[in-house]
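Here is my note on the charged pairs and a surface patch. Please keep the structure open beside you as you read.

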Amino acid sequence: AASMSLGSMTVSAGIFEGGGTRADTSVVVLDVPIMGMSGKAVYVDMDDTGANYDDSGYRLGLSKSMGAASFSVEYDNADTASGDAGEVETWRLGYALYF
């Protein structure tokens, strides 16, 4: 894994060996500030062992910290099987309160 700052952005990449029975994974992450918020884009590509489908997908997220709380919205797109039926899209709205 490696990470590098480009001004206010951070680019990270990793290649992970899953061993004989687990998937090998490649990941690229881009962290960037956007108008006082934190933006993140993530791409993941998996090379599963045997006859398993090679999962891949991406996530786009935006979060805003407001004192003792943080709010976020994320879009996730995953290909879990071949064809349109294997494409899964998910929207997430999140919050966290800090004590």
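1. Let's start with the salt bridges. There are five of them, where a salt bridge means a side-chain nitrogen of Lys or Arg within 4 Å of a carboxyl oxygen of Asp or Glu. Please remember that this is a predicted model, in which local features need pLDDT of at least 70, side-chain atom pairs count only at pLDDT 80 or more, and totals for chains, interfaces and linings use all residues. Residues are numbered from 1 along each chain as its sequence is written, and side-chain values use heavy atoms, with hydrogens and water left out.

2. Look at E74 and R59, whose side chains form a salt bridge with an N to O distance of 3.9 Å. E74 sits in strand β6 (residues 69–79) and R59 in strand β5 (residues 56–66), so this pair ties together parts that are 15 residues apart in sequence. Strands here are DSSP runs (E, at least two residues), numbered from the N terminus.

3. How exposed are these two partners? E74 is partly exposed, at 22% relative accessible area, and R59 is partly exposed too, at 31%. For these words, buried is under 20% relative accessible area, exposed is over 50%, and partly exposed is in between (1.4 Å probe, protein chains only).

4. R59 also forms a salt bridge with D76, and their closest N and O atoms are 3.6 Å apart. This pair links distant parts of the chain, with R59 in strand β5 and D76 in strand β6, 17 residues apart. Is D76 buried or exposed? D76 is buried, with a relative accessible area of 14%.

5. Now follow D76 to its salt bridge with R92, at 3.9 Å from N to O. D76 belongs to strand β6 and R92 to strand β7 (residues 87–97), and they are 16 residues apart. R92 is partly exposed, at 33% relative accessible area. Through shared partners, salt bridges join R59, E74, D76 and R92 into one network.

6. Finally, find the nonpolar surface patch of M66, F71, Y95, L97 and F99, which together have about 720 Å² of accessible area. Patches take residues with over 30% relative accessible area and no salt bridge, joining like charges within 9 Å and nonpolar side chains (Val, Leu, Ile, Met, Phe, Trp, Tyr) within 5 Å. Accessible areas come from the Shrake-Rupley method with a 1.4 Å probe, and for residues only the protein chains shown count as cover. M66 lies in strand β5 and is exposed, at 51% relative accessibility.

Note on methods
Helices (H or I, at least four residues) and strands (E, at least two) are DSSP runs, numbered from the N terminus.
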